[in-house]
Amino acid sequence: MTPAEWYRVSDAGHGVTRITEPFVDPYYSANLYFVRGRDRDLLVDAGMGILPLRPVLPLTEGKPVLALATHIHVDHVGALHEFADRAGLAAEAALYETMPDAATYAEEYREREMPVTRSPSPGWKIADYRLKPAPLTELLREGDTVDLGDRSFAVLELPGHSPCIALFDAENGVLFAGDAIYDDQLLDDMPCSDRAAYRATMRRLIDEIDARIVFGGHGEPFDGERMREIARGYLGQTGGA
């Protein structure tokens, strides 16, 4: 199978290209997003890395591209090593040096009964799947800005699911939320999760983030009203309203 067959690339509107991996176990099939900028391009999250990602991106020859991981879980960092410029949460920078199973949960993926629904290549074996180290070249913290020249994104730390970052383009109302919020069952019971922090994140999303469109790490995009509805639902379910 070629990368063009493995990945699905579509126009998500708002100047965003969406990339998915339809043959990956749905639990691990994440959304990746690509944004063209005047001075550099941006990739938000890097999938499983089972087949090369870079060949399917609408790259501009000669223009740098920043590959940014919203967090270090296996379904978001697999192809990060393919890019020279790599950004992620400063507090987790040391983990990107080795991509340990304990942080990425790659070992859990190797144990899935059906990790892929189609074999990506002849003789491919899930037992051989490993993440490649991808040391960060840009360390991001709350309040930093990712500048593409004609478009800029504020870096938000939104912990709870895990230590996560999100990107918010306030001018256009576009939020790349990673796994901080998406329109499906939110996961808050992993060793890296923090429910108290997640409740604080949800309150922040309700009170501070005026998003018009939210591109989550999983599922379909949704609007700001739905974002607040999901956040209020989580608070109600966890006693944090």
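Accessible areas here come from the Shrake-Rupley method with a 1.4 Å probe, and for residues only the protein chains shown count as cover. This is a predicted model, in which local features need pLDDT of at least 70, side-chain atom pairs count only at pLDDT 80 or more, and totals for chains, interfaces and linings use all residues. Residues are numbered from 1 along each chain as its sequence is written, and side-chain values use heavy atoms, with hydrogens and water left out.

**Figure 1. Overall view of the protein.** The protein exposes about 10600 Å², of which carbon and sulfur atoms supply 47%. Seven helices and 13 strands are present; helices (H or I, at least four residues) and strands (E, at least two) are DSSP runs, numbered from the N terminus. The radius of gyration is 17 Å, close to the 18 Å that the globule rule gives for 241 residues, so the protein is as compact as a globular protein of that length. That radius is taken over C-alpha atoms, and the rule is 2.2 Å times the number of residues to the power 0.38. Along the principal axes, the C-alpha atoms fill a box of roughly 50 × 40 × 30 Å. Of the 241 residues, 53% are buried (under 20% relative accessible area, with exposed over 50% and partly exposed in between; 1.4 Å probe, protein chains only). Among contacts (heavy atoms within 4.5 Å) between residues at least 6 apart in sequence, 62% join residues at least 24 apart.

Figure 2. Strand β1 (residues 8-13) pairs with strand β2 (residues 16-20) in the antiparallel sense over five bridges; two strands pair if DSSP finds at least two bridges between them. G13 stands opposite V16 of β2. Two residues lie between the strands, and H14 takes a positive phi near 60 degrees.

**Figure 3. Surroundings of T17.** T17 belongs to strand β2. With a relative accessible area of 18%, T17 is buried. Beyond its neighbours within four places in sequence, T17 is in contact with V9, S10, L32, Y33, F34 and P58.

**Figure 4. The six-stranded open sheet.** The strand order is β8-β9-β10-β11-β12-β13, with mixed pairing. At the edges are β8 (145-147) and β13 (222-223), each of which pairs on one side only. In a regular strand the side chains alternate between the two faces of the sheet.

Figure 5. β8 and strand β9 (residues 152-157) are antiparallel and share three bridges, with V146 opposite F153 in β9. These two strands form a hairpin with four residues between them, where G149 in the turn has a positive phi of about 105 degrees. Four bridges connect β9 to β10, again in the antiparallel sense, and L156 has A166 in β10 as its bridge partner. Strand β10 (residues 165-169) also runs antiparallel to strand β11 (residues 174-178), through three bridges. D169 stands opposite V174 in β11.

**Figure 6. Surroundings of L186.** L186 is placed in the loop between β11 and α6 (195-207). Its relative accessibility is 8%, and L186 counts as buried. Not counting residues up to four places away in sequence, L186 touches I181, Y198, M202, I230 and Y234. The C-alpha atoms of L186 and Y234 are separated by 8.2 Å, although the two residues are 48 apart along the chain.
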